[in-house]
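Dear colleague,

I am handing over the structure we spoke of, and my notes on it follow directly below. Please read them with the model open.

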Amino acid sequence: QITTVSGNEFLLQSDVDFIILDWFHAIKNAIDRLPKEQRITSRNLEFKIRRSSSIELLNNLDTESKEPKPEHRKSLIFRLNYSASDTNDRNRVKSRLKKFISRRPSLKSLQEKGLIKDQIFGSHLHMVCEHEKSTVPKFVRLCINAVEKRGLDVDGIYRVSGNLATIQKLRFVVNQEEKLNLDDSQWEDIHVVTGALKMFFRELPEPLFPYCLFEQFVEAIKIQDNATRIKGIRSLVKKLPRPNYDTMKILFEHLQKIAAKESVNLMSTQSLGIVFGPTLLRPEKETGNMAVHMLYQNQIVELMLSEYSKIFSSEED
């Protein structure tokens, strides 16, 4: 509580001692900066700090002093310069934030305690695979199985868009629940399943074809000689991390089955290249060559579908 010489009283409260001390010093410094004829000298001030959560500033004037009480002293409390105090406050806030951030539990520890569930959509491919202890995400396998079970003959499969609201609902279910039944009636529209699968690949922080190999794939597809071009693409595919390679292999094997039904579903390798090219590979930073890149993206997917057996074959197979 602060009582001024004019009789005005102000109550400042805080449970933090160092904040109270800052207020005390700010007020005292402001008074000290006043012209001598306008301020109360330190001899006429008595400061008392109590152990409670507040500080009382008691101003006892010398009873013998005949000094007049100017009217402007009523607003004395509001004439404080807080610049120094503000700087200290900012530094204090920064320090507290640093301590808060450093003491926050890690994402891994929260996941281990079950407080945060691992997300499927929007996570890195290798992280999803590590969590599931596999090299191909379970959701990808489920979608492929569902499409091959009831979607190979559907006109425009993968080209036709499903209901976005239902796709988002499926996305939410996948991220929140461990068990998923794509045979449930709410997912009966196969275009919802294909839309969700495309969304999964589109939302990967790094696409199925890693950024570091994008330009190399583009250069390989530019090769004129077909045999050399296939060999170049195959060599790059072999460089992929295991989750990328295994997921790519099962996906392209599936898309081959789609293309084999072209006479019924009207989806050729070229059509599938147009659909999946920009979804599966893209440059890390978009440039003015977006249209050119899109053409190469489509051609890479189309070639890999047409020459699947050559590109994915290996001695281990």
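Helix 5 (residues 138-150) and helix 7 (residues 190-202) pack at an angle of about 150°, with their axes 10 Å apart; helices here are DSSP runs of H or I with at least four residues, numbered from the N terminus, and the axes are lines fitted to C-alpha atoms over the stretch in contact, with angles running from 0 to 180 degrees between N-to-C directions. The two helices are therefore roughly antiparallel to each other, a term that applies to angles over 145 degrees.

The contact (heavy atoms within 4.5 Å) is made on helix 5 by F139, V140, C143, I144, A146, V147 and R150, and on helix 7 by I190, V193, T194, A196, L197, F200 and F201.

This is a predicted model, in which local features need pLDDT of at least 70 and side-chain atom pairs count only at pLDDT 80 or more, whereas totals for chains, interfaces and linings use all residues. Residues are numbered from 1 along each chain as its sequence is written, and side-chain values use heavy atoms, with hydrogens and water left out.

Two loop residues other than glycine have a positive phi: K133, near 55°, lies between helix 4 (125-132) and helix 5, and Y158, near 80°, lies between helix 5 and helix 6 (164-176). K133 is exposed, at 74% relative accessible area, while Y158 is buried at 0% (buried is under 20%, exposed over 50%, with a 1.4 Å probe and protein chains only).

Key:
Parallel < 35°, antiparallel > 145°, perpendicular 65-115°, else oblique.
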